[in-house]
Amino acid sequence: MQETGIRSLVKILSKNSEMQLPQKTLYKVLAAIAALGIMIPCTVIVGFISYVMTEALLEAGSPGGGMLFEMQILSAFSMIFGILIIFSVLFFSSDREHFVTLPIPAHHLMMGKFIYAYIAESIMEFLILAAVFIGYMLAIGKNVGIAAALHPISIIGSVLGVILIPLIPMIYCAIFSLILMAALKGVRSTKAFYRTSTIFLLIFAAIFMVSLKGIGEVNMENYVESLGSGNNLMLRTLNIIFFPVPWLADAISSGSIVKLLMYILGNVLLIAILYFTGKALYQEGLYTAASLGSSKKAEVRTKDIVAQSQFKASFLKEVRVILRTKAFSGNCAYINLLWPVGTFLLFHFTRDKGFLKEFIEMYQTGKDRAGMLMSIVVIAIAFIATALNSLASTAFTREGNHLDLIKFIPVPYETQLFAKAAVAFVFTYPSLLLTNLIICLYLKTWFLTGVLYAILMLLAHIISVALGMMLDSNSPYVEWDDEYSALRGNLNTFFNMAIMMVLAALTLGVGFLVYDIIKLPIVIYYVVIFMILAIAAWKLVDIAPKKITENMEKL
């Protein structure tokens with residue numbers, strides 16, 4: 001009876017907490033593009049990495065080391081990025097007031113919400129884990145033999161791993177949420193909790209940097225060797241935190257049924273700990289969450305309202321919503337800093353090694369091919385970065401159940417949509433410019449070439465913003481329970497990313513067509529790419545506001 005109740009809750013939450021695919025041909029095509037352009041390529045790449053690492057570690061006598069490392073890395077990232085999602089789902093979803101009044105035991109509600117969040121957050125990870133195990137099996141089958149790759153325990157362990165690897169980090173997130181929420185009873189603030197994900201990320205980064213110490217030259221070969229020798233600090237640390245995972249790796253690599261049973265029992269033990277922790281603390285945590293929400297609302301009401309121009313007021317409203325909402329600030333605003341920071345780290349640590357060293361030398365000697373490739377890179381960054389932050393593709397979704405207000409407030413539709421577009425520009429394009437500047441400084445690019453890259457980035461950014469806002473205005477996802485659901489469950493974000501990846505691939509194709517096949521001069525290539533992007537951006541700037549306004553009238 002208890003299991004039936006929890007299972008029913010999971011079904012209800014799953015049905016009501018995800019955006020349904022609109023029954024339109026366009027969205028079916030976009031879904032196919034998303035599957036072919038994002039999900040399948042990602043799984044193939046991960047599978048290939050698993051295959052290569054397994055082959056390398058076979059020589060070091062640790063065939064399961066690469067698989068173990070990938071499983072542990074996925075576990076670590078699941079915990080880092082899942083902590084705030086679990087916290088929000090358990091304590092601050094909009095359905096909290098409805099469920100607490102029903103005759104449902106609080107810990108059953110907690111388990112239902114936990115299982116729903118675990119499944120919803122792990123769908124892509126299931127595919128990636130399947131690719132990890134397939135790559136491992138292919139490498140074992142090629143180098144050891146088919147019988148070893150298809151050992152029954154190995155196959156059973158792989159299937160269980162696909163399903164259960166994301167479970168342990170999510171259990172840790174839920175237990176941590178329950179304990180910290182109980183501690184917040186006297187604090188009356190959630191800021192301490194929201195900062196924990198950042199702390200976890202910094203700890204993870206610190207362990208990774210320390211794990212590079214002592215391996216010699218920083219490259220993939222030396223890092224893989226440290227995994228095979230068992231001297232990798234990061235892997236040793238993760239093996240302690242996610243202690244059942246090494247048992248699974250041993251079960252798959254050696255065919256040990258004892259290790260497989262230990263892995264299953266480890267998961268059962270952690271689920272039991274979560275269940276009884278929830279039974280003891282969840283009800284109290286819900287009361288604390290209610291009081292925190294009330295105090296926050298009271299604080300907001302005390303602020304004065306200042307008269308401003310319509311555009312400025314609309315723009316600042318969007319900025320405040322994004323920056324004051326943890327889910328939006330982290331996933332929509334601050335995520336843009338990853339591009340300049342990542343670019344700096346890439347060039348700073350690897351500019352004198354391997355492929356990047358060769359590419360920089362090729363670029364600085366004036367090779368046209370290097371210039372062509374660099375222009376494609378900056379365009380692809382602009383396309384993907386703009387789609388990844390989802391500022392445009394959640395422009396109307398962020399309004400939630402208050403979406404109707406855009407029709408009744410005394411502000412023209414055009415003013416509101418341009419304010420939403422301006423927010424996407426302000427949070428995204430400066431980071432793109434900084435990324436471009438870092439690239440140009442390390443490549444010692446001519447000033448005019450750097451300006452050209454900046455213009456190409458701007459055009460790609462405009463295209464991505466216009467398409468994202470058109471998608472979201474046509475079918476916004478407003479029935480979300482919390483802000484993380486608004487981002488995670490919004491198919492428009494997924495579709496916009498798929499379109500941008502296709503456009504990035506087409507840009508690459510045009511580059512090779514013009515430069516490698518037709519053999520036109522590099523100047524002609526730049527003109528062709530610029531004209532294509534400029535015409536596309538100009539058309540969208542002309543069409544998108546009209547289409548978005550029409551969609552706003554129909555909301």
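**Entry 1**

I looked up Asp250 first, and found it partly exposed at a relative accessible area of 33%. The classes I use are buried for under 20% relative accessible area, exposed for over 50%, and partly exposed in between, with a 1.4 Å probe and protein chains only. The model is predicted, and local features need pLDDT of at least 70, side-chain atom pairs count only at pLDDT 80 or more, while totals for chains, interfaces and linings use all residues. Residues are numbered from 1 along each chain as its sequence is written, and side-chain values use heavy atoms, with hydrogens and water left out.

Asp250 forms a salt bridge with Lys259, and their closest N and O atoms are 4.0 Å apart. A salt bridge here is a side-chain nitrogen of Lys or Arg within 4 Å of a carboxyl oxygen of Asp or Glu. Lys259 is also partly exposed, with a relative accessible area of 27%.

**Entry 2: the salt-bridge network**

How many salt bridges does the rule give? I get a count of 7. Side chains of opposite charge can pair when their charged atoms come close.

I then listed a network of salt bridges that links Lys317, Glu318, Arg398, Glu399 and Lys420. Within it, Lys420 and Glu318 meet through their side chains at 2.7 Å, N to O. Lys420 sits in helix 21 (residues 413-443) and Glu318 in helix 15 (residues 310-324), so this pair ties together parts 102 residues apart in sequence. Helices are DSSP runs of H or I with at least four residues, numbered from the N terminus.

Is Lys420 buried or exposed? Lys420 is buried, with a relative accessible area of 1%. Glu318 counts as buried too, at 4% relative accessibility. Glu318 has a further salt bridge with Lys317, where the closest N and O atoms are 3.1 Å apart. Lys317 is partly exposed, at 34%.

**Entry 3: aromatic pairs**

I searched the whole structure for aromatic pairs and noted 11. Rings of Phe, Tyr and Trp (its six-membered ring) pair if their centres lie within 6.5 Å; planes under 30 degrees apart count as stacked, over 60 as edge-to-face and the rest as tilted.

Phe91 and Tyr282 have ring centres 5.4 Å apart and planes at 45°, so I filed the pair as tilted. The pair links distant parts of the chain, with Phe91 in helix 3 (residues 65-91) and Tyr282 in helix 14 (residues 257-301), 191 residues apart. Phe91 counts as buried at 0% relative accessibility, and Tyr282 is buried with a relative accessible area of 0%. Ring pairs join Phe87, Phe91 and Tyr282 into a cluster.

I also checked Phe311 and Phe315: the ring centres are 6.2 Å apart and the planes lie at 15°, so the pair is stacked. The two are 4 residues apart in helix 15, which puts about one helical turn between them. Phe311 is partly exposed, at 38%, whereas Phe315 is buried, at 18%.

**Entry 4: the largest nonpolar core**

Which residues touch the most other members of the largest nonpolar core? I noted Met71, Phe91, Leu274 and Tyr282, out of 147 residues in that core. Helix 5 (residues 106-143) supplies the largest share, 17 residues. A nonpolar core is a set of buried Ala, Val, Leu, Ile, Met, Phe, Trp, Tyr and Cys residues joined through side-chain atoms within 4.5 Å.

For Tyr282 I listed the contacts (heavy atoms within 4.5 Å). Leaving aside neighbours within four places in sequence, Tyr282 is in contact with Leu90, Phe91, Ala106, Leu109, Met110, Lys113, Leu178 and Thr277.

**Entry 5: Val10**

Val10 belongs to helix 1 (residues 2-16). I found Val10 buried, with a relative accessible area of 12%. Not counting residues up to four places away in sequence, Val10 touches Gly112, Ile115 and Tyr116. Val10 and Gly112 are 102 residues apart in sequence, yet 5.0 Å apart from C-alpha to C-alpha.

**Entry 6: a nonpolar surface patch**

Last, I looked at a nonpolar patch on the surface, made of Phe447, Leu448, Val451, Ile455, Val523, Val527, Phe530, Met531, Ile535 and Trp538, with about 1,000 Å² of accessible area together. Helix 22 (447-474) and helix 25 (522-554) are the elements that give two or more residues to this patch. Patch residues have over 30% relative accessible area and no salt bridge, and nonpolar side chains (Val, Leu, Ile, Met, Phe, Trp, Tyr) are joined within 5 Å. Areas come from the Shrake-Rupley method with a 1.4 Å probe.

Which helix gives the most to the nonpolar patch? Helix 25 does, with 6 residues. Trp538 is found in helix 25, and I noted Trp538 as exposed, with a relative accessible area of 55%.

Key
Patches are made of residues with over 30% relative accessible area and no salt bridge: like charges are joined within 9 Å, nonpolar side chains (Val, Leu, Ile, Met, Phe, Trp, Tyr) within 5 Å.
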